[in-house]
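Biologist: I would like to learn how to read pockets and ligand contacts in a model. Could we go through one case together?

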Amino acid sequence: MDNTQIREGLEGVVAATTRLSSVDGEAGVLLLAGFPVEEIAPRASFEEMTWLLWNGSLPTAGELEAFRHRLAGRRSLPAAALELLREAARRRVPAMDALRMAAGALSLAEGAGEDPKEDALLLTATFPTIVASYWRLLRGEEPLRPREDLGHAANFLFLLSGEEPSPERARGLETYLNTVTDHGLNASTFTARVIVSTRSDLISAITGAVGALKGPLHGGAPGPALDMVFEIGTPERAEAVLREKLDRGERLMGFGHRVYRVRDPRADVLAAAAERFYSLGGDRGLYELARSVEATALRLLRERKPDRRLDTNVEFYTALLLHGLGMPTGLFTPTFAVGRVAGWTAHALEQLATGRLIRPQSVYVGERGRRWVPVEERTGAQVCAITDANA
Ligand code: ACO
């Protein structure tokens, strides 16, 4: 293969067809199963959104009722997964690591691994239980039993705090979960598709996807984005603090995207949800501060990188909305996974139904023709000599 064909980071490479979502990075349009994100995310329940992704159309009232019931009935964790979370909490591992380990332990649930669609249901139903149980254990509290009478988002908030949330809080979280539920062939979704492309199982695929989501260049950004807003503290300090960061070569968290060359449409949906929520009595000052930090960041990024359009991404307003909902920073990325698991499982099912083994190639740039040297004869000089001989 000749080097000119290499696309580092697979940028611009099309590796699958999908009916799940369409990301137009130039126009700033995201379609979720045909619906613009701003049309569906603030209106659908998470159950409707998940059904839509898994089945291609919105459920009827009867289908929705039955689906709610089935999903709610699978919220409990296998005992071994809970034990694992207890041990993880004793060692205070990061929440995303705990989620990855407990996701893998779902193979111990009754009937796991037998039917991919049932695994999709199990994974989606249990993610809120895993995240909330772990958070309580970290704080020295006992995990709560899931409530089957509550919707998916309301139950998650209940499992965290023990209090039944107001409809506004449940709606705020639901809008967030729907907004992030799917987004083309992002790194974690690609990971899930690669894993099932080998005809592996959904629990393996989603466990791998959690690992991919954890990194700060993907789902790990909202915590640092909020820290940045807090560090700035007042609008007047924004310019000086952000300039310093850019001078040090740091990236501004919550800005830039591999695909979007304009504002991420999800940022608008979440900004509107955050504004609604904060005007109902939250910390309005924080919302105003974030808007002013955003404006300054965009101005400075345009000044520094005139050739690369860097705009606000989903993570910036994720941070603000989830903070408003009372979520601690450590839960931002796991909560992203609670929403994205519906998209990951939908992609995994689609890949199983239509996809081929995903197996790209690499170009070898290492040495050639090396000769074996017995261990007792090896010296640093010899290694260099071999390297030189092959240079
Ligand atoms: N702040 C400052 N500079 C930036 C930023 C940023 N947020 N994003 C990109 N740049 C600069 C890079 O330093 C690079 O400059 P250079 O050409 O002088 O080296 C140039 O813009 C291009 O950057 P790339 O890394 O090539 O862009 P890529 O498409 O690989 O990166 C990414 C996209 C990882 C999201 C990047 O914009 C970033 O690191 N943003 C901050 C982290 C973040 O917000 N992540 C969440 C993404 S949304 C999601 O995954 C759900």
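Modeller: What follows is a short talk on the pockets and the ligand of this predicted model.

Biologist: What is the volume of the largest pocket, and how many residues line it?

Modeller: The volume is about 1,700 Å³, and 45 residues form the lining. Nearest the centre of the largest pocket are Leu217, His257, Arg258, Val259 and Arg308.

Biologist: How do the lining residues divide by type?

Modeller: In the largest pocket there are 21 nonpolar, 14 polar and 10 charged residues. The second largest pocket has about 440 Å³ of space. Its lining has 17 residues, with Arg7, Leu10, Val13, Pro360 and Gln361 closest to the centre. They divide into 10 nonpolar, 4 polar and 3 charged.

Biologist: Which residues are closest to the ligand?

Modeller: Of the 21 residues around the ligand, the closest are Arg251, Leu252, Phe255, Lys305 and Arg308.

Biologist: Which atoms of the protein lie 2.8 Å, 2.9 Å and 3.0 Å from a ligand oxygen?

Modeller: A side-chain N or O atom of Arg251 is 2.8 Å from a ligand oxygen, and one of Asn313 is at 2.9 Å. For His218, a backbone N or O atom is 3.0 Å from a ligand oxygen. The ligand taken alone exposes 930 Å², of which the protein buries 76%.

Methods:
Residues are numbered from 1 along each chain as its sequence is written. This is a predicted model: local features need pLDDT of at least 70, side-chain atom pairs count only at pLDDT 80 or more; totals for chains, interfaces and linings use all residues. Side-chain values use heavy atoms; hydrogens and water are left out. On a 1 Å grid over the protein atoms alone, a cavity is a set of points where a 1.4 Å probe fits but cannot get out, and a pocket is an open set with protein on both sides within 12 Å along at least five of seven lines; lining residues have an atom within 4 Å of a point. Grid points are joined across faces, edges and corners, and a volume is the space filled by probe spheres set on the points. Ala, Val, Leu, Ile, Met, Phe, Trp, Tyr, Cys and Pro count as nonpolar, Asp, Glu, Lys and Arg as charged, and the others, Gly among them, as polar. A residue is near a molecule or strand if one of its heavy atoms lies within 4 Å of it. A polar contact is a pair of N or O atoms within 3.5 Å; within protein, one must be able to donate a hydrogen and the other to accept it, and residues adjacent in sequence count only if both atoms are side-chain atoms. Accessible areas come from the Shrake-Rupley method with a 1.4 Å probe; for residues, only the protein chains shown count as cover.
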